[in-house]
Amino acid sequence: MNPSAARIVLTGAAGGIGREAAAAFVAAGAAVLLVGRSPAQLSAASRSIEASTSGSAGRIAWHVADLGKAAHVDELVAVATEWRCNVIVHAAGVPCFGALETVDLETMRQVLDINLLAPIRLTQALLPHLRSQARAQVICVGSALGSIGLPGFSVYSASKFGLRGFAEALRRELSGSSVRVQYVGPRSTRTSFNDASVEAYNAATGTAMDAPDVVAATLLRSLHDETPERFIGFPERLAVRLNGAVPTLLDGSFDKHRRSVPPPPAVTPAAGPQSLAAVSVPVESPGAPR
Ligand SMILES: NC(=O)c1ccc[n+]([C@@H]2O[C@H](COP(=O)([O-])OP(=O)(O)OC[C@H]3O[C@@H](n4cnc5c(N)ncnc54)[C@H](OP(=O)(O)O)[C@@H]3O)[C@@H](O)[C@H]2O)c1
């Protein structure tokens, strides 16, 4: 839709990509409801965007919500409906990098909760309102890692593959309605999302990193032209296509990536029951004399 007609609820609005996206949306004429967990960060982001964009007064609002809390999601839905949103951009997310053996259950739950369940739940609850709009858009911020599984990102990839599947299925489910469902897959991006270990992995594997304003510009483009699915960067775009067509084709291409994942701590074999080989079991042979 034309950005000047857009009233966008933006989760992750105080994050590296979210802040740039908010600024780009407002500069293009949209109204934006910034969503995040920190009132101080949201109000600072709102003030700085308003100060740098003339004519933006009255087009920026913010709301505090922890998307891991069902009551906060319900409250956000009520606020967003009252605010008459017609676009939701799901940009909140949490990272997860490391060998699978190093990821604890609480982290797995949080990654799946915030990256996958929260956008599904929020979209579902907002859908009756979005359907009532002349035109509406749901834009999911996924990842190249939602289409290509890389060593070290098994849990994160599970969340973003899920998000991509959600967007694809819902796009088809809502085809013919007033609601467009879109998915944007950035590659690695220079924000505090990536800690030193990911930066080292990227350096070792020659993985390029974009500035967050590249992702923001892509999100703005997707808002405007309503393209269903878009990936950022080459060779990632090509790899996404190849991996989609023949999922095992690239299996041999990630040795360097595998070697660049910090290894899990060595496991000392636990002293347990003797192995079967070590246990001598008296066996009767069929023809043995009794
Ligand atoms: N950076 C990358 O390399 C990269 C690459 C591809 C895709 N992405 C995706 O792009 C999106 C934005 O990433 P980013 O780089 O901007 O990361 P970021 O700077 O860490 O921002 C992430 C945002 O998610 C919000 N968030 C996390 N947990 C939340 C919760 N429980 N409730 C509400 N909000 C929560 C944070 O809100 P608070 O401000 O309240 O903490 C933060 O604003 C994510 O979905 C990420 O998966 C990132």
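Rings of Phe, Tyr and Trp, the last by its six-membered ring, count as a pair if their centres lie within 6.5 Å. In this predicted model, Phe 97, Phe 153, Tyr 156, Phe 193 and Tyr 201 make up one aromatic cluster.

**Overall make-up**

The protein chain has 290 residues, of which 46% are buried. Its secondary structure consists of 9 helices and 7 strands. The C-alpha trace of the chain spans about 100 × 40 × 40 Å along its principal axes.

**Aromatic rings**

The whole structure holds 6 aromatic pairs. One of them joins Phe 153 and Tyr 201, with 5.4 Å from centre to centre and 80 degrees between the planes. The cut-off for edge-to-face is an angle over 60 degrees, and the pair of Phe 153 and Tyr 201 is edge-to-face. Phe 153 is in the loop between β5 (136-141) and α5 (154-173), while Tyr 201 belongs to helix α6 (residues 196-205), so their pairing ties together parts of the chain that are 48 residues apart in sequence.

**The ligand and its surroundings**

There are 30 residues around the ligand, and those that come nearest are Gly 16, Arg 37, Tyr 156, Thr 189 and Thr 191. Tyr 156 is also one of the members of the aromatic cluster. By type, the residues of the shell divide into 12 nonpolar, 14 polar and 4 charged.

| Residue | Protein atom | Ligand atom | Distance |
|---|---|---|---|
| Ile 17 | backbone N or O | oxygen | 2.8 Å |
| Asp 66 | side-chain N or O | nitrogen | 2.9 Å |
| Thr 189 | polar backbone atom | oxygen | 2.7 Å |

On its own the ligand has 880 Å² of accessible area, and the protein covers 92% of this. Which elements give two or more residues to the shell around the ligand? They are α1 (16-27) and α5.

Terms used
Residues are numbered from 1 along each chain as its sequence is written. This is a predicted model: local features need pLDDT of at least 70, side-chain atom pairs count only at pLDDT 80 or more; totals for chains, interfaces and linings use all residues. Side-chain values use heavy atoms; hydrogens and water are left out. Rings of Phe, Tyr and Trp (its six-membered ring) pair if their centres lie within 6.5 Å; planes under 30 degrees apart count as stacked, over 60 as edge-to-face and the rest as tilted. Helices (H or I, at least four residues) and strands (E, at least two) are DSSP runs, numbered from the N terminus. A residue is near a molecule or strand if one of its heavy atoms lies within 4 Å of it. A polar contact is a pair of N or O atoms within 3.5 Å; within protein, one must be able to donate a hydrogen and the other to accept it, and residues adjacent in sequence count only if both atoms are side-chain atoms. Accessible areas come from the Shrake-Rupley method with a 1.4 Å probe; for residues, only the protein chains shown count as cover. Ala, Val, Leu, Ile, Met, Phe, Trp, Tyr, Cys and Pro count as nonpolar, Asp, Glu, Lys and Arg as charged, and the others, Gly among them, as polar. Buried means under 20% relative accessible area, exposed over 50%, partly exposed in between (1.4 Å probe, protein chains only).
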